[in-house]
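Good morning, colleagues. Please have the sequence and the model open as I speak.

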Amino acid sequence: MILSLKNTFEQIGNATVFAKRFFKEVFIPPYEVKEFLKQCYYIGYKSLPLVAITGFIMGLVLTLQSRPTLVKFGAESWLPGMVALSLIREIAPVITALICAGKISSGIGAELGSMKVTEQIDAMEVSAINPYNYLVVTRILACTLMVPILVFFADAIGIIGGYVGINIHGDVNFYRYLTQIIQSLEFLDVIPATIKTFFFGYFIGMIGCYKGFNASNGTESVGRAANSAVVTASLSIFIIDMVAVQITDLFF
Amino acid sequence: MIKEEKNTQTKSKDKKQTPIIEIKDLHKTFGKDNTILKGVNLTVNKGEDLVILGRSGSGKSVTIKCIVGLIEPDQGEISVFGENVLNLSKEELNKIRVKIGFLFQSGALYDSMSVRENLAFTLRAHRRDLNDEEVENEVADALESVGLADAIDKMPSELSGGMRKRIGLARTLILKPEIILYDEPTTGLDTITSKEISELILDIKHKQKTSSIIITHDMACAKMTADRIMVLKDGVIHAEGTYEELEKNEDEWVRSFFE
C-alpha cells in the first residue's frame with residue numbers, strides 16, 4: 001500500500017519534470033517544422049471524420065432528448081440556444097477531448113513505446129539528436145493546437161446535428177436557427193471553453209508522450225503504455241474540466 | 001588476404017599505441033542488488049578492433065552503453081578521445097557522440113522513415129549546411145559502402161535482419177565516426193550473412209580507419225575481426241589476449257567459448 005502510494009507520487013513527480021521540460025525545449029532550436037506539420041496532419045486532419053460523426057450525433061441526440069422537456073414548459077423556441085450553449089460550453093470540448101485521448105494519446109503512447117523498446121529512441125540519442133525535441137515537442141505542440149480546432153469543428157457539426165434534430169419534429173429555417181443560436185451566445189460562453197481545450201490538447205499529448213517515452217523494455221510495455229495513456233489522459237480531462245468550470249464560475 | 005593485412009596492422013600498431021577509449025573501475029548496479037559491472041577496466045587503442053566476449057547478461061552491452069552515455073554508471077571513469085565523458089555537459093557529450101557510431105543489435109532503424117530518410121535524417125541533424133543534392137549523394141555513398149544501394153526507397157519493414165543491420169551500419173557511417181561500437185552485429189543471422197557482416201566490419205576498419213568495440217557470441221566473427229579479445233565474467237574482465245592466445249588459455253571456462 002505504502003509502496004504503491006510511493007510509486008504514484010514518483011510517477012506524478014516524473015511526469016511533472018517531463019511536462020516542464022516541454023516549455024524549455026519548445027524554444028530551443030532546431031525547430032522540427034516538418035515533423036510538427038506531419039503530426040498536425042495525423043492528429044488534426046486524420047481525426048476529422050471521427051470528430052465529425054460524434055459531433056453530429058451529439059447535437060442530434062441532445063436536441064431529441066431535450067425537446068420533450070422544453071415542449072412541456074412551452075419553451076421549444078429555446079431549443080437551438082440551449083443545444084448550442086451545452087455543446088459549446090461543455091459537451092463538445094469534453095467529448096472531443098475524450099475521443100482524442102482514445103485515438104491520439106494511445107497512438108502516441110504506442111508509437112513512442114515501440115520506438116523505445118526497439119531502441120529507436122536510444123539510436124537518436126547516440127546520434128546526438130535530441131529525441132525529446134524531435135518526438136515529444138512536436139507531438140505536444142501539434143496536440144495543443146489541433147485539439148481546439150477539432151473542438152470548433154465538433155461545435156459546428158454538432159449545431160448542424162441539432163438543426164437536423166429540430167427538423168425531425170418541426171420545420172425550422174436554417175437561417176432562423178442560426179440567428180437564435182447567435183442571439184443566445186456571448187463571448188464569455190466561448191472564451192473559457194476555448195481556453196480549456198488548449199489544456200486538454202496539451203495534456204493529451206503530454207501524457208501520451210510521457211507513457212511512451214518511459215515504456216520499459218519488452219513488447220508488453222507498449223500495450224501497457226497505450227492503455228495507461230488513454231486512462232490517464234481521460235481522467236486528466238475530467239479534472240481539468242472541473243477546475244476550469246470552477247475558475248470560470250468564480251470570475252464570470 | 002584480409003587476415004594477413006590484419007596481422008601486419010596489428011604488428012605496426014604495437015610500436016605506437018594511442019588509447020582512444022579508456023575505462024577504469026566501472027561499476028553498475030540495477031535496482032537494489034542486481035550488480036552487473038564490478039570494476040571493469042579496458043582500453044581500446046587507435047585503429048584497434050576489440051572484441052568483448054561473455055555470457056548473456058554479463059554486462060557487455062551495459063559497458064558500451066555507458067561509453068555513449070545511454071546508461072550512467074555508479075562509479076568509475078570513461079575516457080573517450082582523452083575526455084572523461086561522465087563529467088561532460090549534454091552539449092559536450094553530443095560532440096563526442098557524433099564521433100562514435102553505435103550499431104544496435106536490431107539495427108534500430110526508424111520505422112516510420114524509408115531507408116533514404118533514415119540516413120538523411122541523421123545527416124541533416126548535424127550538417128544543416130548541405131543541400132538536397134549533397135545529402136542525396138552522401139546517402140548513396142553510405143549505402144554503397146554497405147552494398148545496399150538498391151534498398152534506398154524501401155521501408156524498414158521490407159528489409160531482412162541482415163539488411164537492417166547493414167542499413168543501421170550505413171546510418172552510423174554517414175557521420176564518418178572514428179569509433180564504432182557494435183552490439184552483437186551477427187546475432188540472429190545465418191552463417192553466410194554473419195560472414196558478410198564480419199567482412200563489412202573489417203572493410204570499414206580498413207577504409208575508414210575506425211577503432212571498434214565488438215560485442216559478440218559469434219566466434220567466427222570474433223576470429224575475423226578481433227585484434228584483441230576480452231572476456232567478461234562476474235562483472236570484471238576475466239581474460240584478455242588475441243584469439244590464438246585465448247584459444248589455448250589455461251582456464252577451461254575461457255576455452256569453452258572457442259569449442
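**Backbone details, domains and the core**

I begin in chain B with B:Ala108, which is buried, having 26 other C-beta atoms within 10 Å. Please bear in mind throughout that this is a predicted model. B:Ala108 sits in the loop between β6 (100–103) and α4 (115–126) of chain B. Its phi is near 50°, a positive value in a residue other than glycine.

A second residue of this kind is B:Lys209, whose phi is positive at about 55° although the residue is not a glycine. B:Lys209 belongs to the loop between α7 and β8 (211–215) of chain B. Is B:Lys209 buried or exposed? B:Lys209 is exposed, with 10 other C-beta atoms within 10 Å.

Let me turn to the domains of chain B. The assignment gives domain 1 as 2–99 + 178–258 and domain 2 as 114–176. Where they meet, ten residues of domain 1 of chain B are in contact with eleven residues of domain 2 of chain B. On the domain 1 side, helix α7 (residues 191–208) of chain B supplies the largest share, five residues. That side comprises seven nonpolar residues, three polar and no charged.

Next, the nonpolar core. The largest one holds 130 residues, and the members touching the most others are A:Ile204 and B:Leu181. Helix α4 (residues 79–117) of chain A gives the most to this core, namely 18 residues. Both domain 1 (2–99 + 178–258) and domain 2 (114–176) of chain B give residues to this core, so it lies between them. Which residues does A:Ile204 contact, leaving aside its neighbours within four places in sequence? Among them are A:Ala97, A:Cys100, A:Ile104, A:Cys143 and A:Ala233.

Chain A also carries annotations. An unreviewed UniProt entry gives "transmembrane region" for residues 43–64, 140–166, 193–213 and 225–247 of chain A. In the model, residues 140–166 of chain A are 100% helix, with end C-alpha atoms 38 Å apart. Residues 225–247 of chain A are likewise 100% helix, and the end C-alpha atoms of that span are 32 Å apart.

One further feature of chain A is the cis peptide bond that joins A:Pro29 and A:Pro30, with omega about 5°. A:Pro30 lies in the loop between α1 (2–25) and α2 (33–43) of chain A.

I close with the two chains together. Their contact takes ten residues from chain A and 14 residues from chain B. The chain A side divides into four nonpolar, three polar and three charged residues.

How values were computed:
Residues are numbered from 1 along each chain as its sequence is written. Chains are lettered from A and ligands numbered from 1 in the order in which they are written. This is a predicted model: local features need pLDDT of at least 70, side-chain atom pairs count only at pLDDT 80 or more; totals for chains, interfaces and linings use all residues. Domain bounds come from an automatic or database domain assignment. Two residues are in contact if their C-beta atoms, placed from the backbone, lie within 7 Å. Helices (H or I, at least four residues) and strands (E, at least two) are DSSP runs, numbered from the N terminus. Ala, Val, Leu, Ile, Met, Phe, Trp, Tyr, Cys and Pro count as nonpolar, Asp, Glu, Lys and Arg as charged, and the others, Gly among them, as polar. A nonpolar core is a set of buried Ala, Val, Leu, Ile, Met, Phe, Trp, Tyr and Cys residues joined through C-beta atoms within 7 Å. A residue is buried if 20 or more other C-beta atoms lie within 10 Å of its own, exposed if 12 or fewer, and partly exposed in between; C-beta atoms are placed from the backbone. UniProt positions are given in the numbering used here, feature names are shortened, and annotations may be inferred rather than shown by experiment.
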